[in-house]
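Hello,

Here is the structure I promised to pass on. Please open it first, then read my notes below.

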Amino acid sequence: MSILSKILTLFRGTANEAGQAVVDKNAIRILDQELRDSTTELARSKEELTKVMAQRQLAANRGTALLSKRKEYEGYVQGALAKGDEALAREVAVKLSDVERDLQAEAGNVQQMDSSIGSLKTAIRSTETQLARLKQQINTVKATEAVQRAQSAVAARHSGANSKIGTALDSLERIKQRQEEQGARFDAAQQLEHETGDGDLQARLAGAGLVNDPSNVDGILERLRAPQQAVLVDDSQSAEKQKLLAAESLFGERK
Amino acid sequence: MSHWTQQQLLQCLADTFGAANVAALEDAERAYQVVLPDSGDLEVTLVAGEDQIYCSTPLVTADQVSDRAGFNDACMRLNPINPLSNLGLSTVDGQDVYVVFGELSGDSTQAQIIHEIRMLAVNAIDAIETLKPFLVNA
């Protein structure tokens, strides 16, 4: 079972029972155990590698020695044959055959140890990778646990024993509420501006016929086209004209 | 190891979000809380781990979800298109809580940390708005 599936099983098993603290403690315990196992395995593999490399060196040394012994014996055999001493040549040849057998065996040993060295190196590399990954997983689990502890502390701080976790949903509701409040405030401000501002007063005064309607262009033209005195006298009953008369008297136009 | 000391990280957060909105949590080691007034007082938790900085904010508690299967499915679909943040399920005080979280390298710059926090808040609000049909009283 992979480490992650062990932890996931643990999460599923305890999520509804004992609570998070147990899960986290166990998750970290599992990871720590895996870490220890891998560290031990790594140390053992490295020790084994050193041993095998030393053995290989010894075997290689023996091989070199056997090679030179072989060369030496070949010389003896050739010497004995040259002297016509067939019996001596045969005696040495028997020894030479032993040397050659040992040489082959030693070569086989070295080859076997070379392949052991190769697989040990591969195993060490993969254990080292696994160790780095484990350490990272432990850090992540520990940090996740710290985040959960922190969030739990914040929840407790907000509402004492009856802890309630503040979520994005709460924030979304607050945002919407604030937007509504802001909208309502804006409407109220506009309403207030409308009621108290100049615009509304002018509109109401014009409606009551108390102020001059600036859009009454026809009235102005009519007034100016007709003989001034007559118009002023004739139309004096119109509220607008009366007001103009009042304004003229106020500003001293009329004597 | 993160190159940020506790004091530096607090200062960095306070400079951006205002000292009143930033606090170191005494209850958890190297954990900080940031309140974002612009995001409806959303609270983001930061933890400076050994070689990473973790940011997380609770999305919604599982008991507020009416359709867990639909919600989970929607979360998995949202996840790949969520810039910088991930959606996940966590347990706080024995309660299942959906979280939005992100991880930063321990030697991230101030700008990267601030960006991550802001994105986390935006993503969390976006996500919960999107996922509202799966919630209780939706």
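**The β3–β4 pair in chain B**

Strand β3 (residues 42-48) and β4 of chain B run antiparallel, joined by 4 bridges. The two strands form a hairpin, with 3 residues between them. To find the pairing on screen, go to B:Thr45: its bridge partner in β4(B) is B:Ser56. One caution before going on: this is a predicted model.

**β4 and its other neighbour**

β4(B) covers residues 52-61. Is this strand mostly covered or mostly open? It is mostly covered, with 8 of its 10 residues buried. β4(B) also runs antiparallel to strand β6 (residues 95-105) of chain B, and 9 bridges join these two. Among these, B:Tyr54 has B:Glu103 as its bridge partner in β6(B).

**The whole sheet**

β6(B) pairs with β5(B) too, in the antiparallel sense, over 7 bridges. Put together, 6 strands of chain B make an open sheet. The order is β1-β2-β3-β4-β6-β5, and the pairing is antiparallel. Which strands stand at the edges? They are β1 (22-25) and β5 (86-92) of chain B. Each has a single partner strand, so one side of each is left without a neighbour in the sheet. Neighbouring strands are turned by 30 degrees against each other on average, direction ignored.

A helix from the other chain packs on this sheet: α4(A) touches β3, β4 and β6 of chain B. Its direction makes about 70 degrees with that of β4(B).

**The two chains**

Chain B has 3 helices and 6 strands. Along the sequence they follow the pattern α-β-β-β-β-α-β-β-α. Of its 138 residues, 41% count as buried. Among contacts in chain B with a separation of 6 or more, 55% come from residues 24 or more positions apart.

Chain A has 8 helices and 0 strands. Of its 255 residues, 13% count as buried. Among its contacts between residues at least 6 apart in sequence, 65% join residues at least 24 apart.

**Where the chains meet**

How many residues are in contact across the two chains? There are 26 in chain A and 37 in chain B. On the side of chain A that touches chain B, α3 (86-159) and α4 (168-196) are the elements that give two or more residues. α3(A) gives the largest share, 13 residues. By class, that side of chain A has 13 nonpolar, 10 polar and 3 charged residues.

**The nonpolar core**

In soluble globular proteins, nonpolar side chains tend to be buried together. The largest nonpolar core here has 51 residues. Those that touch the most other members are A:Ala168, B:Leu46, B:Leu59, B:Ala124 and B:Ile128. Helix α3 (residues 110-130) of chain B gives the most to this core, with 8 residues.

Leaving aside residues up to four places away in sequence, B:Ala124 touches A:Ala168, B:Leu42, B:Thr57, B:Leu59 and B:Val100.

Best wishes

Definitions and conventions: Residues numbered from 1 in each chain as written. Chains lettered and ligands numbered in written order. Predicted model: local features only at pLDDT ≥ 70, side-chain atom pairs only at ≥ 80, totals over all residues. Buried ≥ 20, exposed ≤ 12 C-beta atoms within 10 Å, placed from the backbone. Pairing = 2+ DSSP bridges. Contact = placed C-beta atoms within 7 Å. Nonpolar A, V, L, I, M, F, W, Y, C, P; charged D, E, K, R; others polar. Core = buried A, V, L, I, M, F, W, Y, C linked by C-beta atoms within 7 Å. Axes fitted to C-alpha atoms, helices over the stretch in contact; angles between N-to-C directions.
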